[in-house]
Amino acid sequence: MSDIAISINDVSKMYKLYDKPVDRLKESLGLTKQKKYKEHYALDHISFQVGKGETVGIIGTNGSGKSTILKIITGVLNPTGGEVVVDGRISALLELGAGFNMEYTGLENVYLNGTMIGFSREEIDEKLQDILDFADIGDFIHQPVKTYSSGMFVRLAFAVAINIEPEILIVDEALSVGDVFFQAKCFRKFEDFKKDGKTILFVSHDLGSISKYCDRVVLLNKGHKLAEGAPKEMVDLYKKVLVGQADEALAALVEGSDEEEVQEEPAALETEDMQDPSTGWLKPFPLNPQQLEYGDRKGEFIDFAIVDDAGNYTNTIEKNSTFKIMAKVRFNDHVQEPIIAYTFKNVHGTEITGTNTMYEKQDIKPCEAGDEVIVTFTQEMNLQGGEYLLSLGCTGFQDGEFTVFHRLYDICNITCISSKNTVGYFDMNSAVSVNYLE
């Protein structure tokens with residue numbers, strides 16, 4: 001018996017992109033001999049294997065082919081080339097609504113999905129109460145699915161997928177849905193599934209979950225398999241992909257694999273190196289096209305950088321690590337008392353934390369037109385894992401009046417990677433002891 005649950009062998013998926021709908025029609029009717037389409041490869045000769053009992057994560061930017069490979073594995077899509085071999089009964093939780101008939105009731109969809117996976121009605125009957133208890137949607141189970149809220153929908157979908165005890169579970173971004181209590185229940189069930197030695201293929205943008213649960217990670221980029229390996233190694237490489245440094249990181253990874261000893265972490269960049277305009281801080285960071293910008297521009301931001309504890313330019317920071325926010329300001333007029341600030345907001349727009357040079361008692365001397373200043377904030381990342389928005393501010397006092405010179409709201413996102421989250425926005429890094437009394 002093979003120890004391989006899923007084998008992906010040289011799989012490609014090509015889509016034909018037509019400039020005009022009539023070109024597709026002409027080609028289908030054989031009215032033209034010219035090629036009227038462009039070839040787009042969502043997947044380009046991908047190969048990897050998933051062992052039985054292994055939890056493998058797939059990560060990559062949007063458009064890298066993650067969902068496409070899952071749909072090919074589950075039979076939703078056919079590959080253009082290559083072969084997929086699956087040994088075991090699959091339960092897949094892909095995009096919301098996949099495999100559900102909106103006209104059927106929730107109960108009817110439970111039996112429909114179970115039958116499609118390969119269970120008999122008697123086997124589904126045995127699991128039905130567990131599914132209903134997990135979904136916890138009450139009498140709505142007897143109502144058509146089209147009347148469900150998105151929360152009820154995903155509760156039922158996840159309950160069916162994970163309670164019918166498949167040999168292989170495939171999950172695409174489904175553990176981060178529903179309310180916080182349902183998410184906790186999903187993760188507990190997910191952990192039980194892993195402890196039972198089941199095979200899991202897991203796609204997520206939540207790098208904390210990828211690091212915590214996966215034995216191995218496959219990194220895709222623009223339809224190509226960039227690398228595969230240990231979770232931390234792949235997450236570090238993915239951080240480089242996010243800021244356009246994939247080639248250098250991959251070269252270092254290949255070079256490191258040829259060495260007998262593990263390479264040391266790269267040294268942090270020196271401040272003098274940061275001050276060199278040729279380093280081009282701004283280039284790697286994805287900027288928000290809807291950022292709010294205003295001020296009289298007597299002082300203005302001309303560059304910024306986010307640097308992790310290994311000296312990498314990245315907007316993905318690991319929880320409890322030290323990182324830097326650097327801002328370069330040019331002054332276009334005399335400014336008596338400039339103040340440089342940064343703030344973090346959550347995705348709902350609530351300001352979570354921030355500071356400035358005045359609060360930190362690092363006063364900046366008066367500046368004249370043409371002067372440039374670099375301000376570096378070095379701190380620990382103690383926020384919970386998640387997505388945050390960075391804002392920068394250059395303000396100050398002119399003739400005793402508070403003045404805004406330049407503000408950039410929500411200029412860039414920062415992702416905090418965490419394998420352990422607590423309640424609220426911050427982690428107090430508690431040290432816990434337990435004493436058992438006789």
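Modeller: At 18% relative accessibility, Asp 410 counts as buried (buried means under 20% relative accessible area, exposed over 50% and partly exposed in between, with a 1.4 Å probe and protein chains only). This is a predicted model, in which local features need pLDDT of at least 70 and side-chain atom pairs count only at pLDDT 80 or more, while totals for chains, interfaces and linings use all residues. Residues are numbered from 1 along each chain as its sequence is written, and side-chain values use heavy atoms, with hydrogens and water left out.

Asp 410 belongs to strand 18, residues 401–417; helices (H or I, at least four residues) and strands (E, at least two) are DSSP runs numbered from the N terminus. Leaving aside residues up to four places away in sequence, Asp 410 touches Asn 288, Gln 291, Lys 345, Leu 389, Leu 390 and Ser 391, where contact means heavy atoms within 4.5 Å.

Burial can also be followed along a whole element. In strand 3 (residues 55–59), five of the five residues are buried, so the strand is largely enclosed by the rest of the structure. Thr 55, Gly 57 and Ile 59 on one side of strand 3, and Val 56 and Ile 58 on the other, are all buried, which leaves both faces covered. Strand 3 pairs in the parallel sense with strand 7 (residues 199–203) over four bridges, with Ile 200 as the bridge partner of Thr 55; two strands pair if DSSP finds at least two bridges between them. Strand 8 (residues 216–221) is also paired with strand 3 in the parallel sense, over four bridges, and here Ile 58 has Val 218 as its bridge partner.

An antiparallel arrangement is found in an open sheet of three strands with the order 11-13-16. Strand 11 (299–307) and strand 16 (372–380) stand at its edges, each with a single partner strand, so one side of each has no neighbour in the sheet. From one strand to the next, the twist averages 20°. Strand 13 (residues 322–331) and strand 16 pair over nine bridges in the antiparallel sense, and Phe 323 stands opposite Gln 379 in strand 16.

Most residues other than glycine have a negative phi. Arg 297, in the loop between strand 10 (292–294) and strand 11, is not a glycine and yet has a positive phi of about 65°; its relative accessible area of 32% makes it partly exposed. Lys 361, in the loop between strand 15 (351–356) and strand 16, likewise has a positive phi, of about 60°, without being a glycine, but at 71% relative accessibility Lys 361 counts as exposed.

Finally, there is a helix pair. Helix 3 (residues 106–117) and helix 4 (residues 121–135) pack at an angle of about 130°, with their axes 10 Å apart (axes are lines fitted to C-alpha atoms, for helices over the stretch in contact, and angles run from 0 to 180 degrees between N-to-C directions). The contact is made by Leu 107, Val 110, Tyr 111, Gly 114 and Thr 115 of helix 3, together with Arg 121, Ile 124, Asp 125, Leu 128 and Ile 131 of helix 4.
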